[in-house]
Structures are given as structure tokens and as C-alpha cells.
Amino acid sequence: MDGGKEDPAVFTSTSLPSDPRLLATVTNAYLGTRVYRDVLHVNGVYNGAVGDTHRADIPSPINVRMTVPGADSPSETFTLNTWTGTFSHELRSTDYLATQHIYAHHSLVHLMAFSITIRRLAPTTRPISVQLQAPFVPKSQDLDLKQGPDFQGAHYIYGQTLVPEVEEGPRPTVHVLWTPVPRAVTLSGEERERSWEFLTAVAESEEEAKRSYSHGLALVATGSLLPSHTRAWATLRRGCSMDLDGPLPLRQALHGCLYYLLSAIPPQGSTGFLFHGISPGGLSNGTRGEDYWGHVFWDQDTWMFPNVLLFCPEAARAILEYRIRRLDGALHNAREQGYKGAKFPWESAATGREVCPEEIYGAQEIHITGDVLMAFEQYYCTTQDQKLFREDGGWELVDAVARYWCSRMVWSEEEQCYHIRGVMPPDEHHCRVDNSVYTNAVAQRSLNFAADIARDFSIPVPEEWVDCAKKIKVPFDAEKKYHPEYDGYSPGEPVKQADVILLGFPLMHPMSPEVRRNDLEMYEPATEPDGPAMTWSMFAVGWLELKEVQRAQSQLNKCFSNITEPFKIWVENSDGSGAVNFLTGMGGFLQAALFGYTGFRITKTSLRFDPAFPEDIDRMKVTGVSYLGSKLKFTITKKEMRIKVTESPRDAVGSPLEAVLEASGQRFPLHGGLVLVVGQSVSFPTAAGWIQRATTERL
């Protein structure tokens, strides 16, 4: 899939963007910053009370930039390589090449580092010096920083956050160790090449910070610190890959989105820290007044999660565990508003209590609670991980959400159905509306899932759950055959962002193709053209579902106005306002490819597919799709579809997979006889069908 000589996963420029918000980010699941920024952030470390709580700014020792002053300035390039997970700066003259690599170590999540390498290009013997601009100041507006004794050559500061989110709430202490940075590094006359390594270790205990720093030093001593990072990152990318034969900008956008989203998730097999979720702007952002203060919204559960789930179910589980650990806060939110069960906050930080600075969203934008549970349902259907629900708190969360929705409904004698009144739908231009169609549909789905999983676990299903799910009003105009956004919605009334069209995907609310089309056609012209970036991805998915491939691509192309150069950083709104490094928009864009072009749909018993490509895409490869413990590779053209098993669980002989074509019912076992053969592939003409556990009579 070369699509031309330019590597679609490597972004290079001879200059940096004038807006520093648009600089590339280097993050892992625990630490994050933008390159050349004076602060970094730690996942889950917030400072400030309630609505003022924000990511605590920690001074960044890796904010270092190379310079060579003088008349003969070298040429310079800046590169984000999404294959290796590194940002590089090169200074090149006729005599030498100086290279700086900056990265957040993917698998050793308490480490960030940069290296400087100077290499002679000419047979000279003069010393070559590169100056290092390091404006590091060991101060923070959010921590009471103190200086500790040096450790193994590293400087050491530590401090506690100043203000807890709630009274008596946590005030974590952050420990930072870093290699002192000289004003310059010099390659002496007799040296041809030399490298210098600079470590930063950050943790919430002195012991972990020192252990991580020592580990980093040991890797430096064997020349394997950077290689260990690039290997870990390359392993991840090989197993989570999506590429296509198509336009270069589209391929670049997909690689950029994968880099920024995968940077935010826990590495496989990670231990030693609890994951604290993903905010719209990621860990690189979230300072007070920036990118929603680093709070976690539905953006994580609805827009990012499905991509993480299909590629990295272990990381998806960590996201759900974050919600489980915030259940006490959600129970508190419901009680405070006079309801039963658990109401997840519109904005979540350290405790799971509502921390939205504006009360109206926390009080009314309650669809978030259903969005959280839909992520749990997608995970359960894709993994059949019963342990999460039986032993690790998942069932308690499901039960609490179901009880919340029942208590939030009121019976309408006039209409003989349940109403949910006084809410704000995803379309935030409207508030205090009754029967938001999205809110009510996601509440219904929550209750149906709660009942299904109770039956799976032989738990009695409360009659109230069944009754409320069956009798909740989901607004529908039988005359115009479309879904009004809420009671009293007038067709054509402006809409902020994707709302009703989310009924088709990801909710998969039952409707005919005619109604699906009517919803898309009704809301496409009514939706703000400059609204949040994820909107048009969902219109694209809808049109792909209906095989209107060019119409879908015209919608998806609108997203490109939210992608900035040269490092493919997304902005929330196309005018540059709102959040930057907008992972929400990236998540929507990835779903348009991962669920739109392929037609993937997660159901109770299968992973459905129904590919549809626009004219300028000839072939698509998706590597690392996880389903029921197996890893699958899909290669799809307009004429042929090939599925290959690349990994299988140990018990695969007992539960192998098969592909089934919808029209003919033809079955293709994804195994060889009674023994699953990893690497075996099956192919068939491109058509709709699904992956499922092989039925007994086929074994």
C-alpha cells in the first residue's frame, strides 16, 4: 500500500507551527506533554476544587531544544514518526548531523526521555557544539514543590497538589527525577559520533520514581532505552493497523489519529498504576482554562472507546475499570439530584463526582450515563469477559445505571408511556427538553442490556427494568417517517452536532433504511457546518450503511478542515476554537473507517461486516481486530474479502470462529478441522456477513 513514495505515517516539516497548541504531543498512559512545552501532566493528578479542578501542571525537564547560533546556521527538520512513537529534530550542515529524539516511553510509563546524537559528515577534527535551550524552572502553580537530594546523578523535586477536588479528597504527591541538562554538548575532535541521554522519571511515590529512573539508567548503559521504546511502540502498531490504497491525506489522517489515540492507552500487560481515563485533549493538555481542564466526558466512552475495543481489549477493560472505580461518585451524583442508582458526571476527574464548571450540563446532559453503559455492553459482546462483571464490579455498575434510569422516568397518563423530562441532548443548543430521542433510546438500551446480563448470570430481572424499557417513549414522526430530536422539535431547527443520527450508529436502534435515510437528510443541512469535529464522521457512517459511498466521503472530507499541519493535530472546531489534540474528533474519524468502510457492527452474538468503499479507495487492510479472544486481519477490496486468524486463545479448539455470508448462509471456518491454524485465511466475494462462534454441527 505505497500509494506514492511518501510514508503516510511520518510527518516532517522544516518549521514549527506558529500556534504552540498545534505542536506534536508525546504521551503514554501515565505522562504527557507537547514538545517544547514547559509543563507535563500525570494521568489522574488534578488540582482545584469541584468545577475548578484541572490537570496539575508539573514543570517539564524534557522541554529542551537544540540550537547552533552563528552565521552558518544549519538546516533543520522536525519529524513525528508514528511508526516509532518519537518526535525528532535534526540540525544538518555540511560537516555534521545533530539529532534529538523526544518520547514518552510506551511500556515504561513513568519515563520520558530525550537523546542528542552528533555525527560527523565530513573529515574534519574541529569540535562540534550544540547548544541546549532548557528553560526549566522547578515551580508549579498546582504543587507545593520541594527540592530533595540528588539520586544517581539526577535532580529531585517532589510536592503535593494544593487543593483537593472535594473536601477531604485526595491530594496526590508527585515525585520528579531528571538528568541535569548542560548548556551545550560537544563532539570532540577525535570523535566521529556520540550520544547523550536525558531521563525524566515521574511517579506518585518516591520509591517508584527512583525505581523507574534506575531502570532507565540501566537501559541507557546498554544502549537500549530508545530501542526498547520503539520496539514496544512498533509491536503495538503492528497489532493495531489500518491502512488503505487511497488518497495520501486520508491515509495520513488515519495514521495520525491512531498515533494520538494509541498514545493515550495503557500498554499491554501494564501494572503499577491505575488508569484514569482519556480526556478530549489527552494528557498533553488540561491546564486550567485549557481543553476542558483535562476532565473525562462521553468523548471517551462513545467516540474513542469502540476503536480501542476492537484493537486493544485489555486497554478497553482499563477504561471500564476507571468508570467502575468512579461508581461511588456516580451514586453520590444521583442522590444529590434526588434519584436512585448511579448518574455518571458530565465531566469526571479524580472522584467521579460532577466537576463541570457550569451546572446546567451536569444536571441535564444525562445521556452520559447510558453512553458509559453502552461501552460496557460493547465490551461484553466482543470479549465475553464475565469476570469483569461477576468479580470486578461491572455488575454493580450495570445494576446502578438501570436503577437510575427507572427513577429518572415519569409515567405519562396522556401518552401511556414513560417520559424523561428536562434534559439536554447531545445537541447542546437545546436544554430542558422533554424526551430527547437519543437520551431515551440510550436509556432503553441500558435497561435491555442490564436485563440481558442479569439473565446470563441467573440474576432475577426486576419487572421495572422490563416495563420501563418496553414503554419508554422514543419520539418518532409517523407521517414524515423520521425521528424528531425531542418533543416539539421543528424540522430544520439548527443542531450543534451529531445527535439523532447516532440512533443508527452506534446505538443501532431498530429502524428501516427509509427512516435511516430520512434522519440523515433531515439533520445534515440543519447541523452547524463549523461544529465539533466528530459530527461528520457519523454522517459518513450512516451514508456508508446505505451504500451512498460518495455522499459518505463528502461528509468525511469535511473533517479535514479540523486537521492542522504539519503534525496532524486536530482542533475541535474548524475555526481553530475549542479543544486541541481533539481525540474525540480523531475517534470519530477512525470509526468512520473502522466501522464505516468495513461495515463492522458489534452485536450480541456476532461481529457483522458489510464493506462499502468510495471510488478512490481500492483496498483496505485492518490488522489486529479482536473478537472473542482471537486476532483477525481483514483485507478488503471491492470484489474480494480475505480474513486471516493471526492470534487465537488457548481454548480456541473449543470455540473456534467462522465467517457467515448473509445472503447465502455459506460458512467459512476460521480454523483447520478441529485444530485452529494461526495464519490460515479464507476469502470470498465481498458481501455482508458476520463472524461468530462456530456452531457445534460444523466442528
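Trainee: What makes β10 and strand β11 (residues 96–104) a pair?

Mentor: Two strands pair if DSSP finds at least two bridges between them. β10 and β11 have six bridges, in the antiparallel sense, so they qualify as a pair under that rule. Arg 92 stands opposite Leu 97 in β11, and three residues sit between the two strands in their hairpin. Strands here are DSSP E runs of at least two residues, helices H or I runs of at least four, numbered from the N terminus.

Trainee: Where do these numbers come from?

Mentor: It's a predicted model, where local features need pLDDT of at least 70, side-chain atom pairs count only at pLDDT 80 or more, and totals for chains, interfaces and linings use all residues. Residues are numbered from 1 along each chain as its sequence is written, and side-chain values use heavy atoms, leaving out hydrogens and water.

Trainee: How many bridges join strand β9 (residues 75–81) to β10?

Mentor: Seven, with the strands antiparallel. Phe 78 faces His 89 in β10. Their hairpin has four residues between the strands, and Gly 85 in the turn has a positive phi of about 65 degrees.

Trainee: Why is strand β10 (residues 86–92) called largely enclosed?

Mentor: Buried means under 20% relative accessible area, exposed over 50%, partly exposed in between (1.4 Å probe, protein chains only). Five of the seven β10 residues are buried, so the rest of the structure largely encloses that strand.

Trainee: What makes Gln 444 in α11 part of the contact with α12?

Mentor: Contact means heavy atoms within 4.5 Å. Gln 444 is among the α11 residues that meet α12, where Trp 465 is one of the partners.
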